[in-house]
Amino acid sequence: MEEKLIQASGFVIQPRLQFESIKDKMLYQHFIDDANYKEGNCKRGQLITSSISLSNKTGWTRGDIRGSIKRLTDAGYIKSEPYKKNKGLIITIENYDDFQKLENYSKKINQLENQQGNQQDNQQGDVQTPCESKEEDALKNDNNQPINQQGNQLKNHTITAFINSINNINKTLKEYITEAPVKNKNLTTTEDTEIFVDFASRTNAIPSGVNHKLLVSYFDCIRLTRQTCTISANILVNFIEKLQKYSANQINYAIWNHIENHDAKNEKYTLGILRNTKEPESRRGLMKLKNSRGGQSFESNKASSGEYDYGF
């Protein structure tokens, strides 16, 4: 079989940076790849795009896109400006010129090699685990367990870490979250949201027939409406309680409608959709949403209660 010759049209340098989420990293790498290498319709290191275009390319919600752009902007990695009366965005890659010069990396490599050489000369016999700093090594006890500066073992201090430590369910979701002995009850990532929804399901807090994947996407959507891109687990517990009087079809329609058409608004808007959408209308709305995606939608989570299954 004849091998197909793949030819590249050029290359870009992807700097190794720290990102809050994999989506932020992927979006930043896309920006680097699409940015103008020479000045054209925009300046070198810039590209013209839109949240709608990026959503179509990635399959992420516009809320996800806006959240990633905000975090990349706050981190100082990019600048984002409106283009042609808000019809798009001009993304500017910060330090683009420096990142695209190979000589800048060779200088840093030489500096690192010199630093490592000096450390080895001064610390012979001090063997260190790969990918582990001396500080991390110092924060371990004789049993290789993490400890804090006072010598006490580090305890889980986030709500998701607390949730993951629970084996047997014998309380309600609200009781667990209210009584959780943690400092931080905020959800800050998609993974946090997935853990929370899974735990809420285990406590039977989520009404039967509500699609869990859809609920994760919805909670992530309203999380990103906050300036900090974080949301308290207490707020989600209260929201779930308000869902109890509605059918699965009404809930699935309201949260899907919110994700697709109102992702810049908070959960109060969703409650308004619920109050004003009756059961027959929610069924029709779900079919329209599915058809608007060309028949593709969220994964099925069939209800045992006889609710309609629209192949989410």
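**Exercise 1.** Determine whether Glu-267 is buried or exposed, and find which residue its side chain meets in a salt bridge.

*Solution.* Begin with the accessibility: Glu-267 has a relative accessible area of 12%, and buried means under 20%, exposed over 50% and partly exposed in between, with a 1.4 Å probe and protein chains only, so Glu-267 is buried. Next, take the partner: the side chain of Glu-267 meets that of Arg-226 in a salt bridge at 3.0 Å, N to O, the term standing for a side-chain nitrogen of Lys or Arg within 4 Å of a carboxyl oxygen of Asp or Glu.

This is a predicted model, in which local features need pLDDT of at least 70 and side-chain atom pairs count only at pLDDT 80 or more, while totals for chains, interfaces and linings use all residues. Residues are numbered from 1 along each chain as its sequence is written, and side-chain values use heavy atoms, with hydrogens and water left out.

**Exercise 2.** Work out which residue forms a salt bridge with Lys-171, and state how accessible Lys-171 is.

*Solution.* First, the partner of Lys-171 is Glu-179, with the closest N and O atoms 2.8 Å apart. Then, Lys-171 counts as partly exposed at 35% relative accessibility, and Glu-179, at 47%, is partly exposed as well.

**Exercise 3.** Find which side chain meets that of Asp-64 in a salt bridge, and where the two residues lie.

*Solution.* The side chain of Asp-64 meets that of Lys-23 at 3.0 Å, N to O. Asp-64 lies in helix α3 (residues 62-74) and Lys-23 in helix α1 (residues 22-34), so the pair ties together parts 41 residues apart in sequence; helices here are DSSP runs of H or I with at least four residues, numbered from the N terminus. Finally, Asp-64 is buried at 10% relative accessibility, whereas Lys-23 is partly exposed at 21%.
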